[in-house]
Amino acid sequence: MNSFGSRLRYSTFGESHGVAIGCLLDGVPAGLKIDEAFIQSELDRRKPGKSEFETARKEDDKVEILSGTFEGYSTGTPIAMLIYNTNQKSKDYSNIKDIFRPGHADFTYFHKYGIRDYRGGGRSSARETAARVAAGAIAKLMLNELSIEVKSGISEVAGIKADIFDYESAKESIIYALDASKESAQKAAILKAKNSHDSVGGVSRIIIKNAPIGLGQPLYYKLDGVLADAMMGLNAVKAVEIGDGILSASIEGSQNNDEIRADGFKTNHSGGVLGGISNGEDIILNVYFKPTPSIFKEQETVTTTNKEVNFSLKGRHDPCVAIRGSIVCEAMAALVIADMLLLNMGSTMSGIKKYY
């Protein structure tokens, strides 16, 4: 499946080394001011090749809006956006044409579809996430109208954990570090892995502020369930926590419950979601990325004919995919919240009457 969402639904298309990638976003209400400079700025935050902590592949990621807008505003019809691939080096992958890379989707895609697109992973490449960021930027424009903010940053790299979460300082960090006191050590860990032809994992922390009470459609379209679905659908994500997450399994109910007073909740262990519905507190997620599977050490694998071989990968790859992945997490969170806002409008008769 290449689509996500319910009332606000997007589909993406394209491959890592194809002509272009893009998305079709359906369900955007008419009359939304489409700030193209903002959309481009979001893509610029994700685009590769900005520093030594990312892949050397340089892409301008210039977005082109093809439909769904008129004189700077959405028309209520599908918004199509296109991003051309301009810096492919498919020859870097010629030595793995018939080889499955450990940790990649090569093996499963081949056995599912019977086709080996070896050019940087083809459809399974994280290159596709640029289209998600474009769609997420429009969702953010919707949320901005309601003063809802989605922020993210890196809370952990190679086991080096942040003690504080400063989302404003993360904006100024080349690796989006939430804790400036841990940034140097996190950078050193990334470069150490890179210089050893290896990679490291990391954790992105996302916060959604000012979301209203009531978002989420129980029982099978719960807010936390859909947020987790959105994050787990990203390349290299292996786990998602809402609020305290796994810590909740090791404490008592008296420690985990968020007591309620007239002015709100005393704590936020739930991460802003109760019963699959937002409770008005900050919505908090931790998204865990595995180490980038594209490493340059010699590895053992098999070919498409199941012959055992040793091989060494070539190409340009992120030593820590969590860094740019954090921006994609933001985009996905924005898309989910915008979708839930539209769905929630029909939850009560009073809501329907208010409109009609």
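This is a predicted model: local features need pLDDT of at least 70, side-chain atom pairs count only at pLDDT 80 or more; totals for chains, interfaces and linings use all residues.
Started with Thr 301: setting aside neighbours within four places in sequence, I found it in contact with Ile 99, Phe 100, Pro 102, Lys 307, Glu 308, Val 309 and Phe 311.

Where does Thr 301 sit? I placed Thr 301 in strand 17, which covers residues 299-302. Its relative accessibility came out at 13%, so I put Thr 301 down as buried, the cut-off for that being under 20%. I also checked its side chain, which reaches the backbone oxygen of Phe 100 at 2.5 Å. Phe 100 is also one of the residues on the contact list for Thr 301.

Next, Arg 46. I looked up the UniProt record, an unreviewed entry, and it lists Arg 46 under "binding site". In the model I found Arg 46 in helix 1, residues 36-46. Buried or exposed? Arg 46 has a relative accessible area of 3%, so I logged it as buried.

Over to the surface. Which residues form the nonpolar patch I looked at? I wrote down Met 345, Met 349, Ile 352, Tyr 355 and Tyr 356, with about 650 Å² of accessible area together.

Last, some backbone checks. Most residues other than glycine have a negative phi, and most peptide bonds are trans. With that in mind I went after the exceptions.

I found a cis peptide bond from Pro 218 to Leu 219, with omega near 10°. Leu 219 is in the loop between strand 10 (202-209) and helix 6 (223-232).

I found Asn 210 in that loop too, between strand 10 and helix 6. Its phi is near 70°, a positive value in a residue that isn't glycine. At 47% relative accessibility, I filed Asn 210 as partly exposed.

Ala 236 was my other positive phi, near 80°, and again the residue is not a glycine. I traced Ala 236 to the loop between helix 6 and strand 11 (237-242). Is Ala 236 buried or exposed? I have Ala 236 as buried, because its relative accessible area is 14%.

Technical notes: Residues are numbered from 1 along each chain as its sequence is written. Side-chain values use heavy atoms; hydrogens and water are left out. Helices (H or I, at least four residues) and strands (E, at least two) are DSSP runs, numbered from the N terminus. Buried means under 20% relative accessible area, exposed over 50%, partly exposed in between (1.4 Å probe, protein chains only). A polar contact is a pair of N or O atoms within 3.5 Å; within protein, one must be able to donate a hydrogen and the other to accept it, and residues adjacent in sequence count only if both atoms are side-chain atoms. Contact means heavy atoms within 4.5 Å. Patches are made of residues with over 30% relative accessible area and no salt bridge: like charges are joined within 9 Å, nonpolar side chains (Val, Leu, Ile, Met, Phe, Trp, Tyr) within 5 Å. Accessible areas come from the Shrake-Rupley method with a 1.4 Å probe; for residues, only the protein chains shown count as cover. A salt bridge is a side-chain nitrogen of Lys or Arg within 4 Å of a carboxyl oxygen of Asp or Glu. UniProt positions are given in the numbering used here, feature names are shortened, and annotations may be inferred rather than shown by experiment.
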